[in-house]
Amino acid sequence: MAADLTSGSPYADVGPLAGRHIVVTRPGMAGVRLAESLEALGARATHVPLTRIEMVDREGLAWRLAARAHDWVIFTSANAVRAAADAALIVAPAGGLAEALAGVQVASVGRVTAEALHDRGVAPVVVPGRFDAEALLEALARRDDVRGRRFLHPAAAGASELLGAGLAALGADVETVIAYATVPDEAGAAALRRLLDHENVDLVTFLAPSAVSAFVAALGAERAVGIPAASIGPVTTAALVQHHIRVVVEPDEATASRLVEAITARYIR
């Protein structure tokens with residue numbers, strides 16, 4: 001089990017990450033699993049969630065799913081899948097998201113989001129190899145069932161408008177519904193400050209720009225730049241660079257498993 005702030009667990013003495021103390025900022029079970037993966041390689045992994053997910057307009061999203069007024073539903077994160085699955089329970093309590101999306105084409109921004117859909121019995125028909133909005137737009141542009149079609153996009157508050165604008169340019173009619181928001185976790189921020197007051201940390205992992213913002217808000221800009229960062233991918237890296245935080249690890253594919261591999265590679269050079 002991943003270490004927590006009160007465990008007092010010693011550093012492991014075996015594995016490629018032995019003697020390394022790594023902070024995992026990702027919330028929820030996904031963060032716990034990432035910490036456990038690092039611990040399995042010998043690290044001391046402390047799980048300190050800096051953000052949390054709040055559902056937004058669950059009833060509104062449920063109503064749109066029930067109306068079946070869209071030809072496509074497009075998912076750009078696993079959190080969006082979870083939000084839609086939660087909303088689907090209102091209109092399809094027995095069949096869940098699979099029933100709510102029956103007869104609708106589904107697109108996923110990448111493999112992690114696609115896995116979240118598959119876990120709920122939904123098989124996306126478009127999953128680009130690259131995990132970003134541009135790749136998804138490129139994949140959809142090659143199809144003949146996009147122009148004139150109606151798209152529903154459950155999105156995060158503050159999400160980029162690139163996808164909606166790109167779909168509109170392809171001739172699609174897009175309705176974006178704010179399904180969830182990522183907000184700072186004040187308890188996590190306080191826990192992080194306590195941790196850094198008493199212990200040394202070798203690396204902090206970041207899997208979203210929102211975690212970067214929460215990290216800087218928790219520590220202040222001057223203190224935040226003093227700890228090396230491991231970034232999940234280019235968008236998160238850009239947020240780190242904007243705050244002058246040194247990025248020492250970025251995998252070639254934006255997945256948690258590749259992040260673990262990249263962290264390991266750094267320390268076994």
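## A charge over a ring

A charge sits over a ring if NZ of Lys or CZ of Arg is within 6 Å of the ring centre and within 35 degrees of the ring normal. Arg266 does this with Tyr267, lying over its face at 5.7 Å from the ring centre.

Keep in mind that this is a predicted model, where local features need pLDDT of at least 70, side-chain atom pairs count only at pLDDT 80 or more, and totals for chains, interfaces and linings use all residues. Residues are numbered from 1 along each chain as its sequence is written, and side-chain values use heavy atoms, leaving out hydrogens and water.

## Two aromatic pairs

Searching the whole structure turns up 2 aromatic pairs (Phe, Tyr or Trp rings, using the six-membered ring of Trp, with centres within 6.5 Å; planes under 30 degrees apart are stacked, over 60 edge-to-face, the rest tilted). Trp72 and Phe151 are stacked, 5.4 Å centre to centre with 0° between the planes. They bring together distant parts of the chain: Trp72 belongs to strand β4 and Phe151 to strand β6, 79 residues apart (strands are DSSP E runs of at least two residues, helices H or I runs of at least four, numbered from the N terminus).

For Phe206 and Phe215, the centres are 5.0 Å apart and the planes at 80°, so this pair is edge-to-face. Both Phe206 and Phe215 are buried (under 20% relative accessible area with a 1.4 Å probe, protein chains only; exposed is over 50%, partly exposed in between).

## Helix α8

Gly188, Ala189, Ala191, Leu192, Leu195 and Leu196 of α8 are buried. Down the helix axis, the buried residues fall within an arc of 165° (taken from the directions from axis to C-beta atoms), so they line one face of α8. Over on the other side, Glu186, Ala187, Asp197 and His198 are exposed.
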